[in-house]
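Subject: Structure handover

Hello,

Here is the structure I promised to pass on. Please open it next to this email and follow along.

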Amino acid sequence: MPNSLAPIVRSLSTRTSLSLTRTSLFNFMILLAGVFAAAAYSLIYLAHDMDQSEQAESAFHTRKAMQSMEKSMRLTVKDYAFWSDAYKHLHLKVDNEWAYTRGNIGATLFQDFGFQGLFVVDDAGRTVYAVVDGQLQTLDLTEWLDQPITQLLEQARAGVESETPISTLINVRGSPALVAAAAITPGTDPTVVADDREPSVLIFVDILDGTKLGVIGDDFGVNKLHIATPNEIAKGTFVALGNNGSAGNLYWQPERPGMRLIGVGLPLLGLAALLVCLMTWVILRRSTAAALALDASHASLQNSRSALATSEARFRDVVEASSDWVWEIDADWRFTYLSERFESVTGLTRDVWIGAAMNDLLTTEGGLLSQWLCNPQRCPDLSVQCVYLDAKGQERTTRLAARQMACGGFRGTATDVTEEVEARRRIEFLSQHDALTGLPNRTRLQAFLDGKLKALPTPERPLVMLSLDLDRFKPVNDLLGHAAGDRVLNEVSSRLTACVRHGDLVARVGGDEFVLILTEAGTQDEVENLCGRLIAAIEQAICIDEQEVFISASIGIVLAPNDAVEVAELLRYADIALYEAKAAGRNTWRFYSGEMNARIIERRRLESDLRYAIKHGELRLHFQPRYRIADGQMVGAEALVRWQHPVRGLIAPDTFIAIAEESGLILSLSDWVLATACACAAEWPDNLFVSVNLSPIEFKRGDLVQRVHHALNTSGIDPARVELEITESVMLEDAVGALEIMHTLKQLGVRIAMDDFGTGYSSLSYLRAFPFDGLKIDRSFLTRLEDSADDKAIIQAIVGLGRALALTVTAEGIETAEHLAMLKAVACDEGQGYFLSRPMDVTAFNGLLADDRRHTQPI
Ligand code: C2E
Ligand code: CA
Ligand code: CA
């Protein structure tokens with residue numbers, strides 16, 4: 001707002017224009033009322049004055065009329081009196097015949113002039129001739145007039161010489177009467193001889209009655225001339241007749257031009273006042289509305305002024321408080337304004353940058369910032385991300401919002417999003433990478449594979465995927481702790497990464513599972529070469545806290561497009577190949593083949609068949625006797641499960657135990673074995689025990705103790721005659737849990753033996769810490785016995801160890817007499833093997849038991 005407006009606005013703010021307008025109008029109204037009052041007063045005054053003058057004029061005219069009548073009457077009387085014939089016939093003698101009958105001075109005067117009385121009075125004062133109302137009468141004039149006439153007669157005779165008539169006004173019976181008199185003379189007629197008597201006087205009387213007065217008034221322009229009533233006399237304006245009104249007073253209906261003027265003027269004035277009032281009211285209304293509008297506009301002006309001030313303050317606060325900096329550029333893309341924040345955020349100097357080109361500071365990914373700003377398709381609400389170098393030369397990211405200004409150029413804000421972008425990058429990285437090793441994770445692998453497969457690899461230049469799983473990693477974690485496990489994984493990650501080329505991908509997809517994508521693998525030999533190097537690299541000892549850890553790996557290999565072109569399929573096939581590699585004894589690799597898939601399908605079928613088999617009694621239990629080596633006495637038998645398949649015939653446990661374990665069917669399978677074994681053994685001689693194999697899965701799932709307890713109870717067998725065989729892997733999975741379960745099992749009274757000793761870690765600590773009653777040396781030691789002299793030493797050591805720990809040592813896989821001899825030589829406790837007895841069905845075993853002789857083997 002310009003400064004000059006300020007005081008006006010301020011004064012307006014103290015008094016509203018509405019009240020101002022009202023006051024002005026009120027004053028104006030008073031003024032108008034004054035004017036109208038003055039006009040009305042003037043009008044009334046003027047009217048009164050007019051009426052006054054009209055009254056005066058009427059009085060003048062009335063007087064004039066009287067005078068005129070007097071004069072006319074005098075002339076008339078003169079004409080008759082100064083006439084020689086009248087002298088002869090009314091003075092010298094009274095000749096009625098001449099005067100009245102002949103009508104010389106008779107009725108015509110009454111008829112034509114309206115003279116009521118015509119009289120002649122002689123020198124003796126006698127009325128000698130009298131005509132009243134046109135009738136000849138005999139009467140005395142003094143009586144008729146009811147007043148003396150002496151003076152009248154004298155005055156009339158006095159004018160005889162000069163032939164001057166006289167006239168007077170008198171009152172006759174309440175009415176004014178005009179009396180004109182003249183002495184009768186012979187006039188200029190020389191033939192008439194005058195006598196010496198006093199001349200007779202001719203008197204005409206005209207009584208002015210109402211009618212006559214009205215006619216006279218009309219003739220002289222005096223309205224309704226009449227004899228004044230006492231009320232009218234009281235008004236003061238009248239014409240007195242005779243001496244001081246002795247003859248009466250005349251009054252008239254005065255013309256009232258003033259009243260007429262008032263009658264017309266006052267209503268007009270009132271109308272004008274009313275109109276003015278009406279107009280004023282309209283104006284007041286209009287002006288009130290206008291004033292209200294004005295006030296409103298003043299108020300809104302005030303409001304917008306204060307809003308503007310608030311807005312400015314707000315803008316200032318926001319600009320100062322905001323972490324953003326505000327910028328403006330002109331049409332040449334040069335900075336014209338930079339807020340203070342610019343300096344604190346960027347570390348750069350405003351003075352240096354004002355006037356500098358915006359493009360010199362900020363760059364966008366998609367080209368010049370100016371191009372982005374003038375792109376017509378740019379949505380004004382969209383922001384653009386730019387980078388710039390701050391005062392320390394470090395790249396920072398800022399998000400720019402821009403609006404075009406009316407004068408050209410742009411203005412907007414710049415939000416520093418460096419941390420946000422960094423965090424987003426980090427999140428993006430984490431979402432795509434494994435937090436422990438920093439290797440790409442499954443998500444990144446998926447995206448990478450998608451990209452590579454889109455490039456359409458060919459059978460000649462296939463994309464190679466390796467699924468790599470660490471062998472023997474689990475025990476590292478369990479025995480050395482998770483921190484050590486993490487270090488092993490990190491070490492493996494770097495070794496794997498070191499083996500592949502730039503452009504290949506190494507991803508961690510599970511605990512100890514990795515997937516490698518080789519983009520330029522070349523021939524099968526080259527791939528195998530790499531697998532060999534990978535395994536070799538992993539097999540290198542890993543030093544953890546001065547302890548050497550040895551692990552290995554199995555690898556499954558799949559090729560795209562040769563084997564599959566879908567990511568999910570490739571991953572699945574690679575796992576199948578890995579599974580095959582592990583099944584092939586670990587520490588090796590396998591290329592995926594169609595047969596593998598067939599095998600998987602076969603497994604699935606077996607799984608469903610097995611589910612059916614367990615429910616429908618297709619399982620069989622065989623028993624393999626165990627003998628005491630020292631004397632060849634049978635001590636017990638191991639229960640070994642078989643599956644009597646309706647199509648495939650008798651299937652060995654190696655084929656379906658793994659499937660049972662993977663599918664969870666192992667629990668129901670094992671329940672059947674436990675129950676059957678206990679039930680069978682309960683029938684055996686008391687000195688024979690039955691040995692039942694347990695799966696590690698049973699330690700993890702299901703209540704093993706409860707299940708064993710149930711089998712023992714159901715069969716009623718002495719728990720001491722039941723032995724449970726468990727493998728080392730049980731302890732490897734969860735040593736603490738396994739220990740607890742084993743102790744509880746022991747409380748049931750059963751024996752526990754470690755099966756397949758020597759294939760796993762063969763950790764002595766397990767043997768010491770866990771409540772084992774015996775251990776079974778894996779049959780692979782006897783199998784290799786011919787080739788390796790070491791194995792005999794190992795067997796001997798194990799036997800010695802077992803004895804030291806008070807364990808019954810059993811050798812498995814005794815296939816020859818030499819095996820037996822050797823075991824006898826090392827004083828192995830017990831033995832089991834085809835050489836002694838093959839596993840046999842219940843019938844065969846019962847037959848064996850029945851044949852007492854065969855209880856003992858010829859050792
Ligand atoms: P294992 O516990 O080591 O059982 C001994 C295996 O060695 C049996 O194979 C047996 O037939 C075989 N065997 C015995 N003497 C000789 C010999 O002189 N030479 C050779 N080459 N082999 C001999 P089988 O019955 O096929 O059992 C294989 C594996 O299946 C068993 O190995 C055991 O781990 C598992 N198994 C068998 N029955 C059950 C069971 O009821 N439950 C569980 N969880 N596993 C079972
Ligand atoms: Ca066994
Ligand atoms: Ca075994």
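Which polar backbone atom lies 2.8 Å from an oxygen atom of ligand 1? It belongs to Y834. Before you go further, note that this is a predicted model.

**Ligand 1**

Start with the polar atoms around ligand 1. Q624 places a polar side-chain atom 2.9 Å from a nitrogen atom of ligand 1. N693 does likewise with an oxygen atom of ligand 1, at 3.1 Å. Taken alone, ligand 1 exposes 780 Å², and the protein buries 86% of that.

Next, look at the shell. There are 22 residues around ligand 1. Those that come nearest are Q624, R642, R779, E815 and Y834. By type, the shell divides into 9 nonpolar, 5 polar and 8 charged residues. Three elements, β24, α22 (653-663) and β28, each give two or more residues to the shell. The largest share comes from β24, with 4 residues.

**The calcium ion (ligand 2)**

Now move to the metals. Which residues coordinate the calcium ion (ligand 2)? They are E638 (OE), N693 (OD1), E725 (OE) and D755 (OD), at 2.1 to 2.4 Å. Along the chain, these donors follow the spacing E-x54-N-x31-E-x29-D. E638 sits in strand β24 (residues 634-645) and D755 in strand β28 (residues 751-757), so this pair ties together parts that are 117 residues apart in sequence.

Are E638 and D755 buried or exposed? The cut-off for buried is under 20% relative accessible area. E638 has 4% relative accessibility, so E638 counts as buried. D755 has 7%, so D755 is buried too.

**The calcium ion (ligand 3)**

How far apart are the calcium ion (ligand 3) and the calcium ion (ligand 2)? The distance is 3.7 Å. D755 coordinates both.

The calcium ion (ligand 3) is coordinated by D755 (OD), D756 (OD) and E812, at 2.2 to 2.6 Å. The spacing of the donors along the chain is D-D-x55-E. D756 has 25% relative accessibility, so D756 counts as partly exposed.

**H645**

Last, go back to strand β24, where H645 is found. Is H645 buried or exposed? Its relative accessibility is 7%, so H645 counts as buried.

What does the side chain of H645 reach? There is a polar contact with the side chain of D609, at 3.1 Å. The side chain of H645 also reaches the backbone nitrogen of V647, at 3.0 Å. Leaving aside neighbours within four places in sequence, H645 is in contact with D609, E618 and I651.

**Where to look again**

One is strand β24, which holds E638 and H645 and gives 4 residues to the shell around ligand 1. The other is D755, which coordinates both calcium ions.

Best wishes

Methods: Residues are numbered from 1 along each chain as its sequence is written. Chains are lettered from A and ligands numbered from 1 in the order in which they are written. This is a predicted model: local features need pLDDT of at least 70, side-chain atom pairs count only at pLDDT 80 or more; totals for chains, interfaces and linings use all residues. Side-chain values use heavy atoms; hydrogens and water are left out. Donors are N, O and S atoms within 2.8 Å of the metal (3.2 Å for Na, K and Ca); water is not among the atoms, so sites may look incomplete. Buried means under 20% relative accessible area, exposed over 50%, partly exposed in between (1.4 Å probe, protein chains only). A residue is near a molecule or strand if one of its heavy atoms lies within 4 Å of it. A polar contact is a pair of N or O atoms within 3.5 Å; within protein, one must be able to donate a hydrogen and the other to accept it, and residues adjacent in sequence count only if both atoms are side-chain atoms. Accessible areas come from the Shrake-Rupley method with a 1.4 Å probe; for residues, only the protein chains shown count as cover. Ala, Val, Leu, Ile, Met, Phe, Trp, Tyr, Cys and Pro count as nonpolar, Asp, Glu, Lys and Arg as charged, and the others, Gly among them, as polar. Contact means heavy atoms within 4.5 Å.
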